[in-house]
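Hi there,

Here is the structure I promised to send you. Have a look at it first, and then read on for what turned up.

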Amino acid sequence: MEIKSLATELNTNSYPGRGIVIGKSKDGKNAVIAYFIMGRSVNSRNRIFEENDRGGIRTKAFDESKMEDPSLIIYNPVLKLEGKTIVTNGDQTDTIYDFMKDGHCYRHALLTREFEPDAPNYTPRISAVVKENGDYNLSILKSNMGAPQCVRYFFEYPATAGVGHFIHTYKCDGDPIPSFEGEPTPVEIDGSIDEFTAMIWDNLNEDNKVSLFTRFINLETGEEDTRIINKNK
């Protein structure tokens, strides 16, 4: 498959929804992680990222008085467990964490879950697990061509310097919103964490972007460098 420009993938799609990018820095020194959220409704846009107490982040209402239904928008997108980093677009982060803590793998966890109960969109659940050596797994649980039946896809990648994979919930904007199709997109990974973060944020649709999390993990020392950007301030 052709390795594509992440900037182009973002700036040519007004609504990819929520997205995960996992890869390895061009110099081969760092595992690279990005997770962003977007929103069309007031409820979806009324969010920020903040650090949690398990090595990751959680979503939080920016204005509590405007919060309508927290069930699908308040969760832990990122958690750490024994050197592994879990990244998802919903509360399946905790499902994966709990299963892995009990000695099971992320696949077992996701076999107990399905797409979000938000008919007619049936928003996919996208998930990633980054290992200590930088190798990573990606998954998507989605409807069966728009029907309320769950199909599950799992992808496993070796870390490759300068390359990552991008998966997102929606193919594009629409009503209902069409789910992501195909394999995760191979994309170029380049630059420092600040350059990488700015590139993603600047290329997300200005009206719909909400929050962005990025992290570089040094593969030799395990040292982490994290950035969080919230549109709501």
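Which residues lie nearest the centre of the largest pocket, and how many residues line it? Keep in mind that this is a predicted model. The lining is made up of 19 residues, and S41, S44, I73, D118 and Y170 are the ones nearest the centre. By class, that lining divides into six nonpolar, seven polar and six charged residues. The space inside the largest pocket is about 410 Å³.

The second largest pocket holds about 160 Å³ of space. Among the residues that line it are V42, R45, F62, D63 and K231. Two elements, α2 (42-45) and β12 (209-218), each supply at least two residues of this lining. Here the classes come to three nonpolar, two polar and six charged residues.

Now for the chain as a whole. You can find five helices and 13 strands in the protein chain. Its radius of gyration is 16 Å, close to the 17 Å that the globule rule gives for 233 residues, so the chain is as compact as a globular protein of that length. Along the principal axes, the C-alpha trace spans about 45 × 40 × 40 Å.

How much of the chain is buried? Of the 233 residues, 53% count as buried. The accessible surface comes to about 10500 Å², and carbon and sulfur atoms account for 45% of that. Finally, take the contacts between residues at least 6 apart in sequence: 57% of them join residues at least 24 apart.

Enjoy exploring!

Best wishes

Definitions and conventions: Residues numbered from 1 in each chain as written. Predicted model: local features only at pLDDT ≥ 70, side-chain atom pairs only at ≥ 80, totals over all residues. Heavy atoms only, no water. 1 Å grid on protein atoms, 1.4 Å probe; cavity = no way out; pocket = protein on both sides within 12 Å on 5 of 7 lines; lining within 4 Å. Points joined across faces, edges and corners; volume = space filled by probe spheres on them. Nonpolar A, V, L, I, M, F, W, Y, C, P; charged D, E, K, R; others polar. Helix = DSSP H or I, 4+ residues; strand = E, 2+ residues; numbered from the N terminus. Rg over C-alpha atoms; globule rule 2.2 N^0.38 Å. Buried < 20%, exposed > 50% of the residue type's maximum accessible area, 1.4 Å probe, protein only. Contact = heavy atoms within 4.5 Å. Areas by Shrake-Rupley, 256 points an atom, 1.4 Å probe, with all protein chains shown as cover.
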